[in-house]
Amino acid sequence: MDLKQEIPYLTLTNRILLGSNLAAKLAAFASGFKNPLVVCDTNTKAFVSLPYPQKIFDGSQKATLEAAKDLSKANTDLFIAVGSGTLNDITKYASFLAGKPYVVFGTAASMNGYASGGASLIANG
């Protein structure tokens, strides 16, 4: 079975990094892009200091299809999510819609969606 044929919108995890100095490694990776966008919220914006434009959601943002569609229109060549479930899901799906790569700087070890191929979003709700 070929997962990409069975589930054409599946986003496969390419690499997982664990360890120290991850913010510096993220900055080095992002420097290879022309216009990265940091996606964070009022609770996570201080976790990583990157010299790129930010889309800052309110800390109570829900993971909605509408938020992902709006984010997908951003002028960026790399989406960088800094957060956990909600921000990861919104950014993951926005990057899929835009056809652009995304990276997540996870801020909660308890969240399992970092390596998941799907994004849990609320539609019409």
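Tutor: This is a predicted model, in which local features need pLDDT of at least 70, side-chain atom pairs count only at pLDDT 80 or more, and totals for chains, interfaces and linings use all residues. Residues are numbered from 1 along each chain as its sequence is written, and side-chain values use heavy atoms, without hydrogens and water.

Student: Which residue is the bridge partner of V82 in β4?

Tutor: Strands are DSSP runs of E with at least two residues, helices runs of H or I with at least four, numbered from the N terminus. Two strands pair if DSSP finds at least two bridges between them. β3 (residues 78-83) and β4 pair in the parallel sense over 5 bridges. In β4, the partner of V82 is F105.

Student: What is the strand order of the open sheet?

Tutor: β1 and β3 pair in the parallel sense over 4 bridges, with L37 opposite F79 in β3. The sheet is open, has 4 strands and shows parallel pairing, in the order β2-β1-β3-β4.

Student: Which strands are the edge strands?

Tutor: An edge strand here pairs on one side only. The two are β2 (54-57) and β4 (102-106).

Student: How many residues of β3 are buried?

Tutor: Buried means under 20% relative accessible area, exposed over 50% and partly exposed in between, with a 1.4 Å probe and protein chains only. On one side of β3, L78, I80 and V82 are buried, and on the other F79, A81 and G83 are buried. The count is 6 of 6.
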